[in-house]
Amino acid sequence: MLAKQSSYLLQCKPKLQKLLALLESDFDYVSVLATDVTGASFYISQRQKIINDYSDGERGFVVRVYKDNGYSEYSFNELGDVEKLAKTIKDELNQQGSMLEKMNIKKLETPLLYEEKISKEFAGEIAEELYHLDNENIVNKMQAISDEVAKKEHIIECRVNYSAGIFQKMFLSKNKDLIQAYGCSFANIMMLANKDGNTQYNVLSDTAWCGSEILDNLVPKIESAYEDLVAMFDAEAIEPGEYEIITTPEGAGLIAHEAFGHGVEMDMFVKDRAIAKQHMGEKLASDITNMYDGAQGGIQQSASYFFDDEGTLCERTQIIKDGYLVSGICDLMSAARLGVTPTGNGRRESFARKVYTRMTNTYFEAKQDSVEDMISSVKYGFLIDGMNSGMEDPKHWGIQCVMSRAKEIKDGKLTGKMFTPVVLTGYVPDLLSNISMLGKDLYLNGNGHCGKGYKEWVIVSDGGPYLKTKVRLG
Amino acid sequence: MFNQLIELVKQANVDDWKLVETITKSHQAYFVKQELDQHRISDVVERNLTIYLDKEVEGKKMRGSASHSFFPDTPVEEIKEEIEKMKYNASIALNPYYELVKDEKHNEDKKDYQLIEVLKTVVSAIQNVKNTETEKINSYEIFVNEYFIHIVNSQGVDVSFNSMDEEIEVIINSIDGDKEIELYHRVSFANQPLQEITQGILDVFKYAKDRTKAVGTKKALNQRVLLTSLDNAQFFRYFLMKTRTSVVYSRGSQVKIGDKAQSGDNCDRISVELKAELPYSSKNLPYSNDGAKAKDSFIVKDGEYVAYWGDHIPAYYLGVKDASCANNYVVSGGSKTLEQLHQDPYLEIIQFSSFIMNPLTGTFGGEIRLAYYFDGNNKIAVTGGSITCNFADVLNDIRMSKETRQIDNCIVPVTIEIQNVAVAGEE
């Protein structure tokens, strides 16, 4: 079925339109984003059962205004008396603006945002179940998974998480009247094991525009994840050095995300914080490398949506084409400052936070290699698995990806020997230029949140096929 | 609406309830170079209601709970519907029985911290930083926030208090010929003197200059490493995570009170004390979300785990009475002066790209953004490469500087010395 629009937002719409009208007399541009994100989250382990609201749930509004060549915003979540609210917004923003002006602070010149007239409603395919979850059934299913895993040797706890989010947003301005709704399921199983006083863990996760059957999809993967987990107890520390590696799709996703995800966020171009600005059109990856980001374009994942938090309609952006860096991703204000077209990547952590250029679903395109062929092509190297965390460095093209484990490959065969943990570091163009093989199957996972620096967490997905390259491991 | 929620939950036939109201006002300013990108204000109210239902299962008293955030403007009918849903959820997510915090009382009126004035002060502090010929402020963001928190429960808790914090994120560039680098400076604090904010940035200027001259970090297998970054705060959070009641109860830590974190005589013994209040900390919250009072408490003393701390419910399960819920911590200084620590050859890491500390596995480390390598004669700046270590391998010969420094909500040794570290770097 198609997702239903938020009755709360529709109820608020006349008041918000009145608020815009009241503010338009004082400001040259006014828009409002209204959000209503609902859903449920379930956490079941051997020691605890919790059902709560969806953790990214929110309900609120943010007004953006333009006056005297500068933008300002006011976030709130109580509409109440609209005339009083309009006065508060005007008074407080003007007071703060005057304070900054009196300090003789120059404004970063930004043109008035241009908006084409559009009025449209968007609804994503949604599992009907998300509107009336059978909580008892879900709890029982999750408990059964946790109980089954907990029986295994060395396991000390198994935490199962399931969340269902229903995302509903409305964007209103003089020229725009947009509303959207879509839903997504998030699931993960964390196995925690202890042997001889050492603790290791392994996480299975998945996200999709579907219902709670996503939990069932993880069950067949438990056994091999458990085997990897137990093997981690005998794993050694890797000797630092440069190696040929094959990453699983989640490792490929982390590389895509950290390399030319963060590296091409164009609000960083405005600040001269991304070296990619000077290298557009250059060959920075191997011939077989194609990379994309997009909230639309055939991908239905946790970061898919129809319009962004600035009311820009979304598409898919090709970032790397046949090894050439061809495009960045951009929010509306940065696009206005740079004189380019926005790509629908203006996102907020919540209605209470600022917009930045943010990734959506970021991934390498799949090609034709089989995993077996990729492994057999490695003289000495590793199959890298289990994503932990990553860090970007767009100014210098440094990359850091922390992965759970490296499985040794010798003379084209997995030896069964494992190393953990693994920190992959390197220079982005080297890493991308070394991509020599790409697998057949594209897989994206959107269980993570991505920060801008160390804050502003938004849901993203990333992925790719199995990928072969050469990097430094430590 | 606060009182209305209490009235409605009282009528809902639940065994216990808790309501937490958080009113957050935030003033923010964003700059590119020293020019204003935009400014923002946020005024948000959140009311989180938790209901508790008790049930006997096979002769054992069980308790289920469910929470929901109610936003202003929520109609009464919707509140009632949500409470019914919460009751159902609580009835199917049963846990062993626990008691709520009882009878705590502390009431403050909502304060106005004059955030516009606070914002002005912080903007001035950063505008006062003069670019040099080679070091420049690239961009910065300022957040000044005030919070009013009111916690009420059905067991007589009624506490309300005010809190505020400030946060700056500053990006600094340094240029050396064609080479331009950046360093990242993010700090939180409360009421910090203006000159300290400015000085913090000027310190990064010095490091930024050195990074422009940095060469690639060399690979080494048994390197003596000095950790002198802001991430020393994260390093010692390991001990907080190992003793946190929620982590211990959920089996994320196997630490038992009386366990030794360190053994042997070849190390500085670590002591970590939680502090309810620390001047300039952004985390001076006098009560936990459950309404428990924050208090001072040692969690690690002379290398031995001496107390759990943290959330009330797992503390109840673990049989810990009066667990501290303080958010500040102080780590005692070590046995060596900074001068002594810098006498022998070292790799001193000043900034990681992203420091990782995994309390489950004990792993810590990350990519090196800036370090100094001293071979006994010469000191050079290096960058790139990484270290990956485990607490189990370093705690028995760890040394710490006598000198300590405050990093927001903690005071920690300025420098930590660890031995035999494998450094991934250039061959």
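In this predicted model, Asp290(B) and Lys18(B) join their side chains in a salt bridge, with an N to O distance of 3.0 Å. Between domain 1 and domain 2 of chain B, the count of such bridges is one. The two domains span residues 2–211 and 214–424, respectively, in the domain assignment of chain B, and their C-alpha centres are 25 Å apart.

The contact between these domains brings 36 residues of domain 1 of chain B together with 27 residues of domain 2 of chain B. About 2,600 Å² is buried between them, with carbon and sulfur atoms accounting for 57%. Polar contacts link eleven residue pairs across this boundary, both residues being at pLDDT 80 or more. On the domain 1 side, several elements of chain B supply at least two residues each, among them strand S1 (16–32), strand S6 (135–153), strand S7 (158–176) and helix H4 (194–212). Strand S8(B) gives the most to that side, with eight residues. Sorted by class, the domain 1 side holds 18 nonpolar, seven polar and eleven charged residues.

Turning to the contact between the chains, 80 residues of chain A meet 82 residues of chain B. The buried area comes to about 7,200 Å², and 51% of it is given by carbon and sulfur atoms. Within chain B, the most area is lost to chain A by His39(B), Arg40(B) and Ile41(B), which together make up 9% of what that side buries.

Charged and polar pairs also feature here. Twelve salt bridges are counted between chain B and chain A; in one of them, the side chains of Arg59(A) and Glu78(B) come together at 3.3 Å, N to O. The number of residue pairs in polar contact across this interface is 39, again with both residues at pLDDT 80 or more. Strand S2 (residues 35–57) of chain B gives the most to the chain B side, contributing eleven residues. That side comprises 29 nonpolar, 31 polar and 22 charged residues.

Strand pairing crosses the chain boundary as well: strand S4 (residues 70–76) of chain A runs parallel to S2(B) and is joined to it by six bridges. Opposite Arg40(B) in S2(B) stands Glu73(A).

Within chain B, an open sheet of six strands has the order S13-S12-S11-S14-S22-S21, with mixed pairing. Strand S13 (304–305) and strand S21 (404–407) of chain B are its edges, each pairing on one side only. Strands S14 (residues 328–331) and S22 (residues 410–413) of chain B run parallel and share two bridges; Tyr329(B) has Cys410(B) in S22(B) as its bridge partner.

Terms used:
Residues are numbered from 1 along each chain as its sequence is written. Chains are lettered from A and ligands numbered from 1 in the order in which they are written. This is a predicted model: local features need pLDDT of at least 70, side-chain atom pairs count only at pLDDT 80 or more; totals for chains, interfaces and linings use all residues. Side-chain values use heavy atoms; hydrogens and water are left out. Contact means heavy atoms within 4.5 Å. Buried area is the accessible area (1.4 Å probe) that two parts lose on being put together, summed over both. A salt bridge is a side-chain nitrogen of Lys or Arg within 4 Å of a carboxyl oxygen of Asp or Glu. A polar contact is a pair of N or O atoms within 3.5 Å; within protein, one must be able to donate a hydrogen and the other to accept it, and residues adjacent in sequence count only if both atoms are side-chain atoms. Helices (H or I, at least four residues) and strands (E, at least two) are DSSP runs, numbered from the N terminus. Ala, Val, Leu, Ile, Met, Phe, Trp, Tyr, Cys and Pro count as nonpolar, Asp, Glu, Lys and Arg as charged, and the others, Gly among them, as polar. Two strands pair if DSSP finds at least two bridges between them. Domain bounds come from an automatic or database domain assignment.
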